[in-house]
Amino acid sequence: MKKYTLIILLFALAAIATNTGCRKLDVPPKSIIQDQDVFGSSQGIVAYMARLYSELPIEDFRYSPQRGLNMFWIISPTPATTGEALSRDQTGSMQENTGPDWNIWSGCYTAIRDCDYFIQTIPTYAANYNADTVKRWIGEAYFVRGMTYFALVKRYGGVPLINKVLNYQPGSPVDSLQVPRSSEKATWDQVDADLTSAIANLPEAWTSDGKNGSRANKYVAAAFESRAMLYAGTTAKYNTTTLFDANHNQVCGMAAGEAAGYLQKSLNAAKMLEGHYSLYLSGWSATDKNAQYQNFVNLFFDAGSPENVFIREYQYPNSVHGYDAYNVPRQLIGSNGYSAEVNPTLDFVEQFDGLPKNADGTLTTLDASGHYLLFDNPMDLFSGAEPRLRGTVILPGDEFKGQSIDIRRGIYTGPVAGGISPLLPAGSRAQYPATNLVTSSTASQTAYKLPNGNLMNPAGLSGIFTGDQTCAISGFSVRKWLNPNLATAQVLENNETQSWIEMRYAEVLLNRAEAEAELLSLGQGGADLQTDAMASINQIRSRAGATTWTNPGTTPIDTIRKERRKELAFENKTYWDLRRWRIFSKEQNGRIYRILMPFFAANSGANGQYFFDARTDERNDVYTYDPRWYYEQLPGNAISKSPNVIQNPGY
Amino acid sequence: MLVASIFFSAAALAQDQIPVNGTVLDEKAEPLQGVSITIKGTSLGTTTDSLGKFSIRAARGATLVLSYVKYGTKEIKVGGSQTVYAISLSPVSSSLNDVVVVGYGTQKKLSLTGAVSSVSGAQIVTTKNENVENMLTGKVPGLHIIQNTAEPGDFTNTLSIRGMGNPLIVVDGVQQPDFGVTGGNGDNNVGTSNILSRLDPNDIESISVLKDASAAVYGVKSANGVILITTKKGRSGTLSLAYTGTYGWQVPSGLPKPVDATQYMTLVNEQSMHNSNGGRITYTPQDFADYANGTKKSTDWYNAVFRKSAPQTQHNITATGGSDNTTYLLSLGYTDQDGLLQSGDLNYKRYNVRSNVTSHVSKRITVNLNLAAILDQKNAPAESFWWTTRETWRELPTQTIYANNNPQYPTNGLVDGGNPVVFMDKNLVGYSTQNNSFFNGAISIDYKLPFIDGLTLRGLYSYNTQLQDNKQFQKGFNLYTYDQASNTYSATGNNFPSYVQRQYYKYPKNTDQLSLNYAHTFGDHTIGALALMEGNQQSADNFAAYRQLSIPVDQLIAGNSNLQDASQDNGRTALYEYVTNSFVGRLTYDFRSKYFAEFSFRDDKSSRFAPDQGWGFFPSVSAGWRISEENFWQKNAALSFIDNLKLRASYGVLGDDGQLYYQFISGYNYPANGDNNRLPRGSVFNGSFYNSVQSTGIPNPQVSWATSHTYDGGLDFEAWKGLLGFSFDYFLRDRKGLLADAALQVPDVLGAPLPQENIRGDRTQGFDFEVNHRSHIGKFNYTIRATFAYTNTRWTNYPMAKQGNSWLDWRNEEAGRNTGVHFGQGAAGQYTSYNQIVNSPVYVGRGVVVGDYIYQDWNGDGVIDDNDVHPIVYAGDPNSGPFVNNNTVVANPLMPKISYGLNLGGSYKDFDVNLLFQGTAILNISYIEQLNIPLWGGGSALTQFLNNYHPADPTADPYNPKTQWVPGTFAYTGTTTDVNSAWSYTNASYLRLKAAEIGYSIPARIIARAGIKGVRVFANGYNLLTFTKVKYVDPEHPTGMYGYLYPLDKIFNIGLNVKF
């Protein structure tokens, strides 16, 4: 027995010996896949395209100048930098902060490499697919690359152009990678060339996907061509900053004479979409203001909208945003504790038609004797406004998600006989006096007993609170993009999924009108351009319920720009428009934006009445935009690692 | 030092050969079995029995020599009238004959040539903690341990030998992986940890720490040193049972409290008055009066959430016994630790089981089977502790816990919409459980080869695995807002819809070793040799399932098929398989225990290496010289008090492949890395989400492990027969080829992720020493053991592009600079008067008030700006630590340069006492958010900020030069420190009474009748006293997670040891 035990043990030792030192070391990594897995099947190509489109640098729900692209946390939202709105955490003008999370400079070059690699590699695998399919994929790669250069040039001016895959041998010198900046013109031309290639290669529609719009087709590329070339043309026209490198290459600015060429390309591209896309009018009625309002709201939620040219879709749980969580009115706050980050300014609201205005264009809040106008319902002040305003901004007392949005600065308990005089002298930046005013520091309120015996909170449920800015600090709350059907329990960060409409046909019409007006101002084209521009604007105006444009006036461009700012408000477009028009530094030059504070006069009428005080931002936040910022600062390491790259002026 | 008390007993009997009887007891008066007793000059002898008794006949006047391992020898002259002796033996402190476990073997301490420190199980258990690592603190010179949390079930510590980084852990000869216990169980995840933290301390025989080239036998894993753990084995004899148990109370060590309502309103008013454009009072005198007269009541969130103390208990029972052929050890341990939450829903339980059986199957063959299992479970509310802490500090004391004080309606907090009283309650928010099961099994066979004396063939196979099974049930709940105007409660839904998530992680590893060991003495020459082959295979796999619930049942089966997700973590620590083959060789030579030399090497080949990488060869050499054995020394009477003086030196090349990944291949990550906070993992097309592929970028076929060139010079000294022992080591480690990508040089236009390259280098150097002293004062026996270590690391090679000017180059340069140096503004006091502000030599903004922090005009240009930034402190990266970040362990953890310990032990009669002082020096810490800024982000404030500069009259304009100020530590509310300045750093040096134990052993005569061999009761304290400049939190409290991590604790234990 013992002998057998011995033998068994010796066998065991031998087994260990055989095992030891003979383990096979060829163990591939478990989570890395190879080119043939990706390019060899259409599923692999979709995965590649999913990468390209996720990298596509567009300023969507997850963008703010404070935190750049692809960041979930949007508490200094873009409109709070443009004067469209005020926000709790944004206290002035700012230059885009391009590096914190998704570094725009390096991120764009990663996207460009991914496009270049695809364009270079797919021919090797082309035999697996039919030729049209390969062609459209290549078109998509050109589309993403063109869009990426566009993202770079609108920020930095001329940048290094990398149109083939670069290589790096670890440990070897990096001289060949120290590519200098091309001229700004060459960079805009690259955008033009890529988008033109995309237009040439892409199909009219994706037969499999219909017109969904989350992948590019011929018209998507054309629509962006119209945007990009408009940016190029207006930059050439309005820019005054120049920078030449040692080789006399103009990396910032272009000759003014280039403007017309780009504007013409913009116009041509915009016209390509005619007949293929149209404004969303599904619930619209020429006579029903409420239908016009509802139609404007719905346009952002109807997946079948013929106006959607290019969208970015979201889906829970893999790709989401938090727009509603950050922006719902305070009384509809979700459980994360955010709300009301975008509070439209009075300056923004005053652009809309149909409001009572003073001679200087400001909103009328006082009667002829200088006393406050009194209203039973705060919405009465806005009753004549074009319906698009309500589709864009939640007004005090407006209805949203079945609730009346209660925005109130405080209760005025003083005497009303003979009218209520303004609480502060005109133009005063002082605090409101404490006498005769009941206010609340937070949303946790002690109710005030009105003369009729009813209890009323001093501040509205959606603010304004004196010690807590998570409320309608301007007197307004944003309406656009907010999902009216999202249950409050679902109003959460990283939980929202409505699509971002990056390009809608309204913009194409606006591009077209602006290109036409600019061409006319440069002495190009004939009167038909004016007619066409007005027709485009009027399509948008009639849909908005605004008055139509009948007289071009002396500065038609101003009318077109104002229309653009109203129509595309809160879509992160105005920020770029103010830059390319080079008017940011003129609009924001020691400016304090204006707000509209609703008060409830407890002793007015039988049950109390509302009045409005128009004043400057109570926080006295001063906006001053530095003209240097029209060309952003290149990241320091873009220069330190590549001495051939020069910095933009002023940094 | 021997202490003997010999009692006179009976009359003498015969004249020549007399019977000598006696009992040998140890220092605790317990019988010592197996003590060898010989008559000097003869071969006659005997041994003591299990009661310590012996009996021998000896010539009158003969000398008995008693000897016992670790107790040394003692000589007794017999004769006179005494024939019955009660002899007491004490352990000798001379540890020269101690056997120390080294890599793949053991060595006598006498012959060690490397820097190896060891600590016995008995020394470990003088500190009581749920984590063995914390029981080692201060006990091993050069072993740095930072406790990062006392959260039940979270064993995240920072452990390093000589500040060199994460060491390799070896248990009973088998390398243990670092488990990437990422969990991802919501926010309740824990960091990486190793099995050491979860071992039962009662199972540990000894721990050796290989600090220098002696670790080279572990090759490519050895660069940061090795910790060798040896578990206990059975002892032959009748069954012996030992029970150890403690029950303790955990009390937070440094958990700041938030202010009350009046204090809060005071700070808010200060903040709103603090406005150079004109301040105002937010809270009126009426608001204050309401709290003063009792109309309103301040809310105490702290006591509503945190307990004053939480219980903890540990028990172990160990049985050993066996015959001459077979011995066994069976051990069962149980640990139960409660957390500080009032709800009691945060807690941890662990079971440790071990069975170690050794059998001498035949004269030549010995088989050992060592099986161990650890099962543990951490329970927590679904809302993480750190978030609950954050909200406890943040929610306003002016708001009630329940809306309108109606307990049916928990308040929807004004800050973040939170309510910590709800968050801590698993019945409301759901729960998270994390179950780990570890299995370690090893079988080894030793075969003493015939024909060649001293040659042993040994085979070992070991299988280790960890399974982690996590469950998270996140339950939707409502928080309420009361509207007084309408007398209504409105609900805010949180975490709807409810969901269940399950996660499985598996980390199996198997190891086999085949070795030949040779040891033989030829006259003056003793030779040892080892040849070993080792194979390791280690993998990690995981998956997770997530379902939103259709019905409120906490199981996946209750899920909604539309909202479900199955996923796999493809991170580097979660999904991998690595295989290695290795050869180890070692030769040792010893001449007359005077000259020692050792050479060893290891050859490693790994699937992580690039295919044409070849083998990694890691040699080491070391030598020792015992000068005290030289003739000239021994003849010198003046030196005779020195028992041992040994000089040692070692050099070795060690490797580190810990961060090595498959950078020699180019391909794609699928799905791409990403998350909902940043770039997502893919895109949605036409209503469907598509995962994307992410290029891994440029391959590096040359990528290789990093190498460490490690030098150590040491001196061991022992004098006065063990009264004083001293051991000193100086070390230097040069690392070359540290992995980093070349992102600091390669222009971004390349557009591709860069591979790791072997481009950086650093040098770590320092010294450590240990001093031992053992003596007695009367019947009071005492021991003193002091350890000290200093370490510093600087970059020797850190390639980066030139920054454009010499100032920027200096500012950004890392090469030649110590690691952990932080740049920032210097501190130059606080403004104590308006005059000082007006007369400031540097430009002062109009917002500055009395009490504001003054920054140093370092370059003297009259302006405080970025050009005044200079190196200010040594501090680890506040966000680093052992936490897993993007699946890689963040390098450069917070590590003090000095760590030291002082262990005092003593016994008097039946009492024993043990004190461990421990401390660190040269480290600074800094916090952000609420630990830095009062009223941060619109929340409440911590009480320390009441100690600030503020006007004596709270309504006085702070900008009025006539305003009277009350000075304080912090500036006026509204002024915050520049986080990158000396103002935000605090010196985190500390000295603490880490452990104190007092025990009483009930005399054997009292308990013997009950058949009990020993009973000892004791009281033990952990982290009892701390001396530090860090005022508000524990100096070890981690700054990670914004400073909200679970506090460290003080533990007050009572305990019992019983031997049967």
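A salt bridge is a side-chain nitrogen of Lys or Arg within 4 Å of a carboxyl oxygen of Asp or Glu. A search of the whole structure finds 86 of them over all chains. This is a predicted model: local features need pLDDT of at least 70, side-chain atom pairs count only at pLDDT 80 or more, and totals for chains, interfaces and linings use all residues. Residues are numbered from 1 along each chain as its sequence is written, chains are lettered from A in the order in which they are written, and side-chain values use heavy atoms, without hydrogens and water.

**Salt bridges around R504(A)**

- E307(A) and R504(A) meet through their side chains in a salt bridge, at 2.8 Å from N to O.
- This pair links distant parts of the chain, 197 residues apart. E307(A) sits in the loop between α10 (289–298) and β5 (308–312) of chain A, and R504(A) in strand β15 (residues 500–504) of chain A.
- Helices (H or I, at least four residues) and strands (E, at least two) are DSSP runs, numbered from the N terminus.
- E307(A) has 0% relative accessibility, so it counts as buried. R504(A), at 1%, counts as buried too.
- Buried means under 20% relative accessible area, exposed over 50%, and partly exposed in between (1.4 Å probe, protein chains only).
- R504(A) also forms a salt bridge with E567(A), with the closest N and O atoms 2.8 Å apart.
- E567(A) lies in helix α16 (residues 556–567) of chain A and R504(A) in strand β15 of chain A, so the pair ties together parts that are 63 residues apart in sequence.
- Both E567(A) and R504(A) are buried.
- A network of salt bridges links several residues, including E307(A), R504(A), E567(A), R541(A) and K480(A).

**A salt bridge in chain B**

- K221(B) and D657(B) meet through their side chains in a salt bridge, at 3.0 Å from N to O.
- The two residues are 436 apart. K221(B) is in the loop between β15 (204–210) and β16 (226–231) of chain B, and D657(B) in the loop between β32 (642–656) and β33 (668–669) of chain B.
- K221(B) is partly exposed, at 28% relative accessible area. D657(B) is buried, at 1%.

**An open sheet in chain A**

- Four strands form an open sheet in the order β11-β10-β17-β18 (chain A), with mixed pairing.
- Its edge strands are β11 (437–438) and β18 (609–616) of chain A, and each pairs on one side only.
- Two strands pair if DSSP finds at least two bridges between them.
- β17 (residues 594–601) of chain A pairs with β18(A) in the antiparallel sense, over eight bridges.
- F600(A) has Y610(A), in β18(A), as its bridge partner.
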